[in-house]
Amino acid sequence: MNIASLLTQATAAHPDNTAIVQGDYRLSYLKFEARVNRLANALQQRGVRTHDHIALWMTNGPQMLEAMFAAFKLGAGLVPINFRLHPHEIAYIIENSQASTLFTTEEFDKSVPDIRDLIPDVQHFITTGPTSKESHNYESLLEEEEESFSDVDVHPDDVAWLFYTSGTTGRPKGAMLTHQNLWGMTDRFYLDICPNFSDAEVVLHAAPLSHGSGLYALPNIGKAATHVFLESTSFDPQIALETIAAQNVTNLFAAPAMIKRFVDCPTIDQTDTSSLQALIWGGAPMLVEDLQQAIVKFPNMVQIYGLGETPMTITYLPSCDHVLEGSEQQIKRLGSAGICRSEVEVAIVDDKDGFLATGEKGEIVTRSEVMTKGYWRDPEATAITLRNGWLHTGDIGYFDEDGYLFLMDRSKDLIISGGENIYPREIEEILAQHPAVKEVAVIGVPNSDWGEAIKAVVARNQGHQVTEDELIGYCKSRLASYKKPKSVDFVAALPRNNYGKILKRELRAPYWQDRDRHI
Ligand code: AMP
């Protein structure tokens, strides 16, 4: 069944529920779906067909959500793009996806002529702003269109979403997510993550719709939830907190970097966030120290671990495991990614794909219905990632005896120093406990004696002074000596992509110029 029927059925059941809120702008489900249908009709009439690809270079907002569902309804594959990428990176994704249609929000229109020659397959340009000789205006397209549309029949294996990897390790690749994958993701969300989800949900899209919050919109649409959008595209924690209070937001998805900004926001204690029944977090690791501070402020947290290739769905750490006090084991589990999701297999393998026992560290592999069928136009990468029928995550981890999965690091972030495998996260967890440390990333840098040496890159808390020697000494008193950093660099802030992931590749690059480490 077409994943668009999440919307069709929600509208049939709850036509008067509020679908959209942005400032004073509000739309009911009936009106929202009518706009989606008009858009689907407009696209179909202009020749956009089932299996075409539709790229979205848009900021969060009601029109982006409409475009997503219009694409689903048409049986076209959606290609949402991280709008903070450089226009040439965006052009790469559009060209690679062979999209026939490009939606832009107004602020990006000035860059389109610069990349026009790089995206020859695009035939339809649709903008929320004023038109040029090649483009159509979004709102004008909707005028005079029918308000009804029959969702196109799709095969469960048809591509619904081309999810471009965030490219922290190289050129982005388009993971093909099928209608079946998105159904599997949505069903398991209701089953494991929010079993009490009702038609009274209010979701705040504070994270990008092109990534976590877009996937997360699906189970919310299915329950006819209200989707609240902020008016600004840059994340302001104070405004987001005020919006939670003003709109009685019941659930939201946030990356760890956003949660840290919520916790550090000076107005958090004066803002009533008690409506929030579920703060779902994931997409990157959160250090235990940061998580504990967050739990104080947000008692209803659930962690999800997934990849674009297995959207939102490998393991989860339920709310009941987000504890501030408990046994040593319970506290340790705060540093885990939790337990396997329903009907999802997860295993740990060595570099020859042999299965490893409980406690042994290796690559995390998974298989389930919520698993990409491969990368678009990249059979080689598909064969490597999906070898032996398992999706290879590139993450290193281990299971404890109770089935909790501990993520160590991305395999490319592992440091090999003097023949020892060193997991940066272990050192980051220690340094994060130091009162002067605001943010930390640990990387390997070239060293003629050891192959790689451990370097910590630290952003200090305002008003705190701490020296390199003090931080190295701090680690030495808490970790095996060979794991202590050999050096510490201080920076104002760590580089992150707009999904909140620390760009370790970027941090490593200056040290590895002209060397052959795969940075
Ligand atoms: P993406 O495909 O862009 O969503 O990135 C997926 C990667 O993000 C995973 O392979 C992990 O390295 C990381 N990640 C996602 N969720 C978590 C989590 N809950 N804890 C730690 N890392 C995570």
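Tutor: Let us start with Met312, which is placed in strand β15, residues 310-317; please keep in mind that this is a predicted model.

Student: Why is Met312 called buried?

Tutor: The relative accessibility of Met312 is 9%, and the label buried requires a value under 20%, so Met312 counts as buried.

Student: What makes the backbone of Met312 worth a remark?

Tutor: Met312 is not a glycine, and yet its phi is positive, at about 60°. As background, most residues other than glycine have a negative phi.

Student: Which label, buried, exposed or partly exposed, belongs to Asn248, and how do you know?

Tutor: Asn248 has a relative accessible area of 46%, and since buried means under 20% and exposed means over 50%, with partly exposed in between, the conclusion is that Asn248 is partly exposed. Asn248 sits in the loop between α9 (237-247) and β12 (251-254), and although it is not a glycine, it has a positive phi of about 50°.

Student: How do you know that Cys320 is in no disulfide?

Tutor: A disulfide requires two cysteine sulfur atoms within 2.5 Å, whereas the cysteine sulfur nearest to Cys320, that of Cys194, is 13 Å away, so by this criterion Cys320 is in no disulfide. For the structure as a whole, the number of disulfides is 0.

Student: What makes the pairing of Lys483 and Glu426 a polar contact?

Tutor: Their side chains are joined at 2.7 Å, and the distance cut-off for a polar contact is 3.5 Å, so the pair qualifies as a polar contact. Lys483 itself lies in the loop between α15 (468-476) and β25 (487-491), and at 14% relative accessibility it counts as buried.

Student: Why are Val288 and Thr178 both given the label buried?

Tutor: Val288, found in helix α11 (residues 288-297), has a relative accessible area of 17%, and Thr178, in strand β9 (residues 174-178), has one of 2%; buried means under 20%, so the label applies to Val288 and to Thr178.

Student: What makes up the shell around the ligand, by class and by element?

Tutor: The ligand is surrounded by 16 residues, the closest being Gln303, Ile304, Gly308, Asp395 and Arg410, and by class the shell has 6 nonpolar, 7 polar and 3 charged residues. The elements that contribute two or more residues are β14 (301-307) and β20 (405-410), and β14 gives the most, with 5 residues.

Notes:
Residues numbered from 1 in each chain as written. Predicted model: local features only at pLDDT ≥ 70, side-chain atom pairs only at ≥ 80, totals over all residues. Heavy atoms only, no water. Near = heavy atom within 4 Å. Helix = DSSP H or I, 4+ residues; strand = E, 2+ residues; numbered from the N terminus. Nonpolar A, V, L, I, M, F, W, Y, C, P; charged D, E, K, R; others polar. Buried < 20%, exposed > 50% of the residue type's maximum accessible area, 1.4 Å probe, protein only. Polar contact = N/O pair within 3.5 Å; in protein donor to acceptor, adjacent residues only side chain to side chain.
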